[in-house]
Amino acid sequence: GQRINLQFRRFVEEPAIYYLAEVGHDNEERLRFFITITQGNRNEELRFTHTFYR
């Protein structure tokens with residue numbers, strides 16, 4: 001139930017652009033992500049769940 005704001009870093013490898021953020025986790029920890037994507041005055045939300053393993 002905790003909310004953590006991610007700090008994204010931008011990487012450019014022409015012609016691609018990547019945005020990466022680090023997330024701390026325990027083994028077999030399941031995290032839910034809610035990411036707001038903004039382009040101009042338009043916002044979209046990307047939602048997904050992922051289980052992390054060590």
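Reader: In which strand is Ile17 found?
Author: This is a predicted model: local features need pLDDT of at least 70, side-chain atom pairs count only at pLDDT 80 or more, and totals for chains, interfaces and linings use all residues. Residues are numbered from 1 along each chain as its sequence is written, and side-chain values use heavy atoms, leaving out hydrogens and water. Helices (H or I, at least four residues) and strands (E, at least two) are DSSP runs, numbered from the N terminus. Ile17 falls in the run of residues 16–20, which is strand β2.

Reader: How many aromatic pairs does a search of the whole structure find?
Author: Rings of Phe, Tyr and Trp (its six-membered ring) pair if their centres lie within 6.5 Å; planes under 30 degrees apart count as stacked, over 60 as edge-to-face, the rest as tilted. The number of aromatic pairs found is two.

Reader: What kind of pair do Phe33 and Phe48 form?
Author: Their ring centres are 4.8 Å apart. Their planes meet at 15°, so the pair is stacked.

Reader: How far apart in sequence are the parts this pair ties together?
Author: Phe33 lies in strand β3 (residues 29–39). Phe48 lies in strand β4 (residues 42–52), so the separation is 15 residues.

Reader: Which residues form the aromatic cluster?
Author: Phe33 is buried, at 11%, while Phe48 is partly exposed, at 36%. One aromatic cluster is formed by Phe33, Phe48 and Phe52.

Technical notes. Buried < 20%, exposed > 50% of the residue type's maximum accessible area, 1.4 Å probe, protein only.
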